[in-house]
Amino acid sequence: MYPEDLRYSKEHEWVRQEGNRVRVGITYYAQHELGDVVFVDLPQEGSIFQAGEAFAVVESVKAVSDIYAPVSGRVVEVNRELADRPELINQDPYGAGWIAVLEMENPAELEDLLDAEAYRALVEG
Amino acid sequence: MSDHGPAGKRTPLYEEHLASGARMIDFAGFRMPVEYSGILEEHRAVRSAAGLFDLSHMGEIKVGGPGAAAFLDWAMTNRIADMEPGQARYSLMCKPDGGIVDDVVVYRRDGDFLVVVNAANIAKDFQWLDYLRRAWPGEGGSPVRPEDVILEDLSDATALLAVQGPRSLEILTRLTDAPLAAVAPFRFIEGKVDGYPALISRTGYTGEDGFELYVAPEAAVPLWRALLLAGKDLGLVPVGLGARDTLRLEMRFPLYGNDIDESTTPLEAGLGFAVKLDKDAFVGKEALVRQAAQGVARRLVGFRMIGRGIPRQGYPLLAGDREVGRVTSGTMSPTLGEPIGMGYVAAEYASPGQELAVEIRGRSIPCQVVKGRFVRPAR
């Protein structure tokens, strides 16, 4: 449920490093806690966010959750498919349910994120 | 989002909910299931087959004594005195200023009445009714002597299970000989379900056909299991408070605490059908007669989104740049697949077809006032 090749934020986002970029989504734990996702507010491509800044919103039937940028950077791609199929976040949180790709401003920030073991301890502890 | 809330009251079905993997939340002082398999799936089950609800958190106040009918006719906005045994009726209780103390269903039994109240209001309602009971005699006071009305809070001694959805009758028939098919909406009978004595009422909060079963707490667990087993092949699933909310919102049924409260009146909320202004006297009558004559300044409307976004409680409703109201309830309608909401707006903006906007995260997202229910009721 928490792939070893990803890094995780304490706010329950995952990042997958792709060179100078990271693909970002929310974790299995986050989507499970939210329940059925019915709406995603995606960031504008080209916009710039600091690490920890809210950059997207995911809504389940009952709850509205801010999604925070795990690292600082510029949004270079968003998952437009989520507009029509927000349930992909529940069905495939680490695959088709990705939210955005950020071009990192400072790759060293990745070191501040948790590895799979530490994240698992966080949500299961 | 945490499952580890403070210890709330438990219904007799608490352990059943945990065992079936329900996500539990604190609601009105109770630990209640918000969802089992998922809100969307549970919602669809109720619209297409059937759902089983634990509503044991709801309150039941028995009103007995020789003055009960006259007393309730005065304490309630709807007409009570003309009800027949076996009849249930939706009503409001209002303060003298017309503000809503609670919305309730009154059941007339052979010798007494049962007032079914919202879980969050049990203590308040009991105190309010007891206060009214002692308000005799006098102008605008209770029409009967205090000793002629006996109040008893049966909430802890009553479990409430609801079976809702088009297959409800078929499912329940498997567990009872009671003549369910002959029970009309807002009527009830007393009978045995799976051997347990129950008040069986053809009522609900989903817009679908269905029954509510008032039973002893000891009967709750065996009956819950028996119902799930009896309805399994017909698609019956347990349903939590999450889908209960989306189901009622599609029907535009108000939720106390969201859409109505002591600062709103039945006339503002579009509940005039449950207010009999021609009754001799009832608590709140003068204020409501006056409001009816003057016209309300704001109305509770239903609206659908034209733009992308889900309205949520507290979001501003805008006409141009001007705030003309607030959202009181909103969700993604599972049946329609589009966002819907309710909210109070200034009366001049309340007409069906009126275009407004909801302010969502600083953006103005267009919406339109619609008439009537969002989803056509099944019956």
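Reader: Is A:Arg85 buried, partly exposed or exposed?

Author: Start with the cut-offs. Buried means under 20% relative accessible area, exposed means over 50%, and partly exposed lies in between (1.4 Å probe, protein chains only). A:Arg85 has a relative accessible area of 36%, so A:Arg85 is partly exposed. A:Glu87, at 30% relative accessibility, also counts as partly exposed.

Reader: What should I know about the model and its numbering?

Author: This is a predicted model, in which local features need pLDDT of at least 70 and side-chain atom pairs count only at pLDDT 80 or more, while totals for chains, interfaces and linings use all residues. Residues are numbered from 1 along each chain as its sequence is written, chains are lettered from A and ligands numbered from 1 in the order in which they are written, and side-chain values use heavy atoms, with hydrogens and water left out.

Reader: How do I read a salt bridge, and how many does the whole structure hold?

Author: Side chains of opposite charge can pair when their charged atoms come close. The rule asks for a side-chain nitrogen of Lys or Arg within 4 Å of a carboxyl oxygen of Asp or Glu. Over all chains, the search finds 38 salt bridges. A:Glu87 and A:Arg85 form one of them, at 4.0 Å, N to O. Salt bridges with shared partners also link A:Asp41, A:Glu59, B:Arg312, B:Arg361 and B:Arg363 into one network.

Reader: How many salt bridges cross the interface of chain A and chain B?

Author: The rule finds 5 there. Take A:Asp41 and B:Arg363, whose closest N and O atoms are 2.6 Å apart. A:Asp41 sits in strand S4 of chain A and B:Arg363 in strand S19 (residues 363-370) of chain B, so this pair joins two chains. Helices (H or I, at least four residues) and strands (E, at least two) are DSSP runs, numbered from the N terminus. A:Asp41 is buried at 13% relative accessible area, whereas B:Arg363 is partly exposed at 43%.

Reader: Which residue does B:Arg23 meet in a salt bridge?

Author: Its partner is A:Glu33, at 3.5 Å, N to O. The pair crosses from strand S1 (residues 23-27) of chain B to helix H1 of chain A. B:Arg23 counts as buried at 13% relative accessibility, and A:Glu33 counts as buried at 12%.

Reader: How do I size up the interface itself?

Author: A:Glu33, A:Val61 and A:Lys62 supply 36% of the area that chain A buries against chain B, more than any other three residues. Then count residues in contact, which means heavy atoms within 4.5 Å. Chain A contributes 17 residues and chain B contributes 20 residues.

Reader: Which residues does A:Ser60 touch?

Author: Leave out residues up to four places away in sequence; A:Ser60 then touches A:Leu34, A:Gly35, A:Asp36, A:Val37, A:Val38 and B:Arg312. A:Ser60 lies in strand S6 of chain A and counts as buried at 1% relative accessibility. Its side chain reaches the backbone oxygen of A:Leu34 at 3.0 Å.

Reader: How do I read a polar contact, and which residue does the side chain of B:Thr265 pair with?

Author: A polar contact is a pair of N or O atoms within 3.5 Å; within protein, one must be able to donate a hydrogen and the other to accept it, and residues adjacent in sequence count only if both atoms are side-chain atoms. The side chain of B:Thr265 makes such a contact with the side chain of B:Gln291, at 2.6 Å. B:Thr265 lies in the loop between H7 and helix H8 (285-294) of chain B. B:Thr265 is buried, at 8% relative accessible area.

Reader: How many residues of helix H3 of chain B are buried?

Author: Helix H3 (residues 68-75) has 7 of its 8 residues buried. Among them are B:Phe71, B:Leu72 and B:Trp74. The buried residues pack against several elements of chain B, including strand S4 (59-64) and helix H4 (122-133).

Methods: Buried area is the accessible area (1.4 Å probe) that two parts lose on being put together, summed over both.
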